[in-house]
Amino acid sequence: MKTVFFRSQQVLILVFALVFLYQPQLSRAEDDGDLVQLFHPFPAHFNAAISGDLSITSAASNVFVSLLKMGEDGSFLPYLASSWGVSSNGMTHRFYLQEGTVFHDGWPVTSEDVAFSYRIFRQYHPLGEKMFGRVELVETPDAATFVMHLSQPDPALLIGLASPFLPILPAHIYGSGDIFKNPANIKAVGSGPFLVADYRAGEGFILQRFNRFLIPDRPCLNQIIGKNGSDFSAAITALNSGNAHLFTFLQNLDVSDSLSENNELRIESIDHENVGALNYLEFNLRKKTLKNQRVRQAIASAIDLEFINAAIYRDYTLALTGPLPLESRFYNDDVDLYPLDLNKAEQLLNQAGYPRTEDGTRFSTQLTWMPNPGGYEKQVASYIKSQLEKIGIKVELDPPQSYIDWYIQVSKWQHHMTLSRVIEWGDPIINLHPLFRSEHIRHRVGDNTAGISNELLDVLLGAAGRETDPEIRTGLYRQFQTLISEELPLYFMHETPFINIISTHLQNFPTKARNIIGPLDQVCVTKSGWSSKEGVENLR
């Protein structure tokens, strides 16, 4: 499939940010080790170009490569692209591919495959348009060069090009027919460190070392055996006995608590930086009562975030002061807070024109929540209901029957209030801007379903989305956070980590930035005789 492109007559002055392919020497305590990884939910396929599911994304990152990787410090490192550069106006990015890279079937990886993958990701991935909406044109001037032309500078562009995003699919495998029905979504063919040897829907899969991987002497592991971890009792037994070695993105605190005494397991939460899973309370501003700013401030003043953290999330979460992760380089802690103050909440409701009636109530509203594997949102909703009733707001809990049921309700703007979550992914442009900008008022979860329309907010986020100077961007986002803390169209409550259970016999295991979602090519094992025999037998 050829990529059509137009050559500009303008001479581009490229300022090359050349980053040579540096790969640190690994400490290999044990070659040919096998790793058994538990997943909940279990990945339905390996094509992360068409799905934002974290389990699919995590598994697929071992099968496919991306143009870049993210370092432990959040910097961008070479991967398929050995070097890259940007024009002086920030609107043209040029990437040079690593020579000799091949797919698992032996076909060479070319810039045409990158262009094809870009089109698939942008069209079908939930974040595709958010990450690449400013890309006007891509070019493939030769087999080893990929060029992106932007309509305006995009300071978050590289985030969408780094693993696990924009997995490079072979165009000769995925380029015909319905992408969602392509058998290679399961019998995947990539150029990553592991190739798919077996897959059993809902049960398990086997990934085997790809000996022609683009990084010499990697991967360390011989196999990754994925198994369904939805039976938590069986998962606990497997991890305690050493028959499973890794469980990532765990959202069941009972499992982690039950394993806390096992000295051969590490229980860690993913580093918040460059991930930023933020829980928030959304107000539908089309509802008369919730449109009133004082009402929203009163609701926030009735909620004790520290209590929720301690009593429901068992001290795993962090209370927020606004719509940015605590580790964000743009974070501003000098904003108005809403500590628990029921008297203040009562005063605000009186000022808003909602006095208590004879039965003690002021008005009624509804609260639903986004279903989550951990199930803690229902507990949070019940707590909020009890607190708001103390200040005269009658709350009817509206339990969603399923995620789809909740999605339809919120996307149709039929909700009053809902508990929701957004992952920031390292830059506010990607997922936070759409929640607040008036141009994103759409019938789609992840956009502005609250109905926020604020001219100053649009100006601030518009400027921050174009600005490439870090100091100026920081100032703009600080103003943004101050404005949000006052207006409170959304109430950001907690930053929630994903819990990871990691065997102490895994070496070089990434736990910072977002690398735990990326490839495990550098992971080795230290326990002699650790093999996949039982894992493979159980799978088959």
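A: A crossing of two helices is left-handed if the near helix is turned anticlockwise from the far one by less than a right angle, and right-handed if clockwise. In that sense, α9 passes α11 in a left-handed crossing. Arg294, Val295, Gln297, Ala298 and Ser301 on the α9 side meet Leu342, Lys344, Ala345, Leu348, Leu349 and Gln351 on the α11 side, where contact means heavy atoms within 4.5 Å. By residue class, the contact of α9 with α11 comprises six nonpolar, three polar and two charged residues; Ala, Val, Leu, Ile, Met, Phe, Trp, Tyr, Cys and Pro count as nonpolar, Asp, Glu, Lys and Arg as charged, and the others, Gly among them, as polar.

The model is predicted, with local features requiring pLDDT of at least 70 and side-chain atom pairs pLDDT 80 or more, while totals for chains, interfaces and linings use all residues. Numbering starts from 1 along each chain as its sequence is written, and side-chain values use heavy atoms, leaving out hydrogens and water. Helices (H or I, at least four residues) and strands (E, at least two) are DSSP runs numbered from the N terminus.

The geometry of this pair is as follows. Helix α9 covers residues 293-301 and helix α11 residues 342-351; their axes lie 8 Å apart and the packing angle is about 165 degrees. Axes are lines fitted to C-alpha atoms, for helices over the stretch in contact, with angles from 0 to 180 degrees between N-to-C directions. The two helices are therefore roughly antiparallel to each other (over 145 degrees; under 35 is roughly parallel, 65 to 115 roughly perpendicular and the rest oblique).

Another pair is formed by helix α16 (residues 455-466) and helix α17 (residues 470-487), whose axes come within 9 Å and cross at roughly 155 degrees. It follows that α16 and α17 are also roughly antiparallel, and their crossing is left-handed. From α16, Leu456, Leu457, Leu460, Leu461, Ala463 and Ala464 meet Arg473, Leu476, Tyr477, Gln479, Phe480, Leu483 and Ile484 of α17. This contact of α16 with α17 is made by eleven nonpolar residues, one polar and one charged.

Within α16, the residues that are buried are Leu457, Asp458, Leu460, Leu461, Gly462, Ala464 and Gly465 (buried is under 20% relative accessible area, exposed over 50%, partly exposed in between, with a 1.4 Å probe and protein chains only). Their cover includes α14, α15 (433-436) and α17. The length of α16 agrees with expectation, because its twelve residues should span 16 Å at 1.5 Å a residue and the end C-alpha atoms are 17 Å apart; the expected span is 1.5 Å times one less than the number of residues. Glu261 belongs to the loop between α7 (253-258) and β13 (265-269) and is exposed, at 69% relative accessibility.

Helix α2 (residues 111-124) is likewise consistent in length, since its 14 residues should span 20 Å and its end C-alpha atoms are 20 Å apart. Eleven of the 14 residues of α2 are buried, so the helix is largely enclosed by the rest of the structure. Among these buried residues are Ser111, Glu112, Asp113, Phe116, Tyr118 and Arg122. The elements that cover them include β6 (92-97), α3 (128-132), β7 (135-142), β8 (145-150) and α5 (171-174).

Most residues other than glycine have a negative phi, and most peptide bonds are trans. His40 and Pro41 are joined by a cis peptide bond with omega about 0 degrees, and Pro41 sits in the loop between β2 (34-39) and α1 (54-60). That loop also holds Ala44, which is exposed at a relative accessible area of 51%. Apart from neighbours within four places in sequence, Ala44 touches Ile56, Ile186 and Tyr199; Ile56 is twelve residues away in sequence and 6.9 Å away in space, C-alpha to C-alpha. A cis bond, with omega near 0 degrees, also runs from Arg218 to Pro219, the latter in the loop between β10 (204-209) and β11 (223-228).

Positive phi values are found at Trp425, near 65 degrees, and at Asn508, about 65 degrees. Trp425 lies in the loop between β18 (417-423) and α14 (428-431) and counts as buried at 6% relative accessibility. Asn508, in the loop between β21 (506-507) and β22 (524-525), counts as partly exposed at 28%.
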